[in-house]
Amino acid sequence: MKKVKIYVTLRESVLDPQGSAVMGALHTMGYDEIADVRIGKYLELQVDDSERPLDELVKEMCEKLLTNTVIEDYRYDVEEAVRK
Amino acid sequence: MKFAVLVFPGSNCDLDMYHAIKDELGEEAEYVWHDTKDLSGYDGILLPGGFSYGDYLRCGAIAQFSNVMSEVKKAADAGKPVLGICNGFQILTEAGLLPGALLRNKNLKFMCRTVKLTVENNDTMFTNAYANGQVIDVPIAHGEGNYTCDAETLASLKANNQIVFTYSNDNPNGSVEDIAGIVNERGNVLGMMPHPERAVHELIGGTDGLALFKSMVKQWRESHVSHA
């Protein structure tokens with residue numbers, strides 16, 4: 001069993017209004033050194049062993065459903081899942 | 001003309017759409033559940049607004065894999081009119097039936113008010129009952145209606161006259177080029193954020209949306225008479 005951690009962010013070219021609002025709040029609080037804030041999504045998948053290569057599986061899921069590649073980028077890490 | 005009003009778990013403008021067709025337009029309409037596998041008996045397909053599948057993940061993202069969506073693609077390929085309003089527009093972009101994507105409104109607010117739209121192209125099966133440049137009042141109600149696409153897509157939308165409606169004087173959501181509604185290249189799939197089905201009677205604030213539905217019926221009648 002593997003654990004796949006997927007990070008989805010808006011593409012650099014896409015304005016992130018949520019990120020801009022949070023940056024504004026941080027500046028109001030005095031954290032003037034914050035130059036940019038981007039807000040994204042974090043997904044965690046527990047994946048059973050499969051005949052298909054995991055990378056292939058994750059890329060396919062990301063591009064079909066988990067992200068909208070018109071506006072979003074993704075990256076992911078794979079870990080051994082700890083069985084509970 | 002017989003319309004299918006698609007119903008996804010979380011659709012909430014389906015009743016308005018049904019009412020607009022049945023009671024105000026006087027045409028046939030049926031609610032069609034999202035797992036239906038046959039839309040061949042309908043002349044027009046309507047995807048209403050709402051929050052399909054709770055808008056979990058992204059607006060419209062999960063609905064694109066409903067059984068009925070492969071039927072919607074077939075209907076679009078067959079040249080039938082397919083109209084997506086608000087969440088319906090989001091579903092059509094996610095499904096790849098229309099280019100681009102809808103982002104969170106620029107000011108992060110859910111906007112709910114009547115806006116002025118300019119009819120940019122009245123040479124479509126959805127707008128032939130309007131005049132070019134006509135300004136109409138139509139309600140909006142959305143939090144993620146900020147239309148975006150890359151420069152290449154925008155250039156082709158302009159070149160093919162696919163921008164059908166723009167916001168006239170105030171752009172409520174920050175969409176690129178004030179875009180409020182677009183059609184596909186063939187012109188039979190329209191997606192728009194404003195709600196024409198909520199502007200079909202004086203009692204609810206105006207009737208400017210009715211001409212959109214009348215346009216579809218007019219086009220359908222003309223093409224069916226000429227083939228008879």
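Okay, one bit of bookkeeping before we start: when I say nonpolar I mean Ala, Val, Leu, Ile, Met, Phe, Trp, Tyr, Cys and Pro, charged is Asp, Glu, Lys and Arg, and the others, Gly among them, go down as polar. Also, keep in mind that this is a predicted model.

So, the largest pocket. With those classes, its lining divides into 11 nonpolar residues, six polar and eight charged. That lining is 25 residues, and the ones nearest the centre of the pocket are A:Q18, A:K41, A:E72, B:R58 and B:E144. As for space, we're talking about 460 Å³.

Which elements supply at least two residues of that lining? From chain A you get β1 (2-10), α1 (17-28) and β2 (40-47), and from chain B α3 (87-94) and β5 (101-103).

Staying in chain A for a second, there's a charge over a ring: the charged end of A:R75 sits over A:Y7, 4.3 Å from the ring centre.

Now, aromatics. Counting over all chains, the structure has four aromatic pairs. One of them is B:Y18 with B:Y31, a stacked pair with 4.5 Å centre to centre and 15 degrees between the planes. B:Y18 comes from helix α1 (residues 14-25) of chain B and B:Y31 from strand β2 (residues 28-33) of chain B, so this pair ties together parts 13 residues apart in sequence.

Last stop, the annotation. Where does UniProt put the "active site" feature? The record, an unreviewed entry, has it at B:C86, B:H195 and B:E197. These residues span 112 residues in sequence, but no two of their C-alpha atoms are more than 11.0 Å apart, so they gather at one spot. If you want to find B:C86 on screen, look in the loop between β4 (82-85) and α3 of chain B. B:C86 has a relative accessibility of 6%, so it counts as buried, the cut-off being under 20%.

That's my tour, thanks.

Conventions. Residues numbered from 1 in each chain as written. Chains lettered and ligands numbered in written order. Predicted model: local features only at pLDDT ≥ 70, side-chain atom pairs only at ≥ 80, totals over all residues. Heavy atoms only, no water. 1 Å grid on protein atoms, 1.4 Å probe; cavity = no way out; pocket = protein on both sides within 12 Å on 5 of 7 lines; lining within 4 Å. Points joined across faces, edges and corners; volume = space filled by probe spheres on them. Helix = DSSP H or I, 4+ residues; strand = E, 2+ residues; numbered from the N terminus. Phe/Tyr/Trp six-rings, centres within 6.5 Å; stacked < 30°, edge-to-face > 60°. Lys NZ or Arg CZ within 6 Å of the ring centre and 35° of its normal. UniProt positions renumbered as here; feature names shortened; annotations may be inferred. Buried < 20%, exposed > 50% of the residue type's maximum accessible area, 1.4 Å probe, protein only.
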